[in-house]
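Biologist: I'm new to this one, could you walk me through its charged side-chain pairs?
Modeller: Gladly, let me put the sequence and structure up.

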Amino acid sequence: MRGLVFLLLVASASAKVFSKCQWAKVLKSSGMDGYGGYSLANWVCLTYHESRYNTRATNRNSNGSTDYGIFQINSHYWCDNGESAVANGCSIKCSALLSDDVSVAIRCAKIIGARQGITAWRAWTRRCENQDLSSYVSGCGV
């Protein structure tokens, strides 16, 4: 048990946590501004409320699935964690979503966005939808 706690502490200590503007620039350069008809501010807001821009964020859900990475992508439908994958819609291992190289996470988010739209993320519908999101990109030069 102590070994597991130590590994979790090491993993969280080495996580890349973007600043708002760093993340906004990454998303913009990855084609997320306007993706699915949603502004860059929507994607920045979504990821703030899902993970606080933390590449190694995880959340275990009551149905046994786990959400992974900066977008909190669910193992039940979108990635394979060896436990709860039903669909693996992004055709990836969930561990790939915990990398500081966010290209895999962004590619998967685009697949989710294309299939279900931004409303697939509850954080967006609860915290970002119909809100003034200008603060999520203000001062970032994007």
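This is a predicted model: local features need pLDDT of at least 70, side-chain atom pairs count only at pLDDT 80 or more; totals for chains, interfaces and linings use all residues.

Biologist: Is glutamate 83 buried or exposed? And what about arginine 60, buried or exposed?
Modeller: Glutamate 83 is exposed, because its relative accessible area is 57% and exposed means over 50%. Arginine 60 also counts as exposed, at 52% relative accessibility.

Biologist: How many salt bridges are there in the whole structure?
Modeller: A search of the whole structure finds four. One of them joins the side chains of arginine 56 and aspartate 100, at 3.4 Å from N to O.

Biologist: Where do arginine 56 and aspartate 100 lie?
Modeller: Arginine 56 is in the loop between α3 (40–51) and β1 (58–60), and aspartate 100 is in the loop between β3 (73–74) and α4 (103–116), so the pair ties together parts that are 44 residues apart in sequence. Arginine 56 is partly exposed, with 26% relative accessibility, and aspartate 100 is partly exposed as well, at 32%.

Biologist: Switching to aspartate 33, which residue does it form a salt bridge with?
Modeller: Aspartate 33 pairs with lysine 28, and their closest N and O atoms are 3.2 Å apart. Aspartate 33 is partly exposed, with a relative accessible area of 38%, and lysine 28 is likewise partly exposed, at 37%.

Note on methods
Residues are numbered from 1 along each chain as its sequence is written. Side-chain values use heavy atoms; hydrogens and water are left out. Buried means under 20% relative accessible area, exposed over 50%, partly exposed in between (1.4 Å probe, protein chains only). Helices (H or I, at least four residues) and strands (E, at least two) are DSSP runs, numbered from the N terminus.
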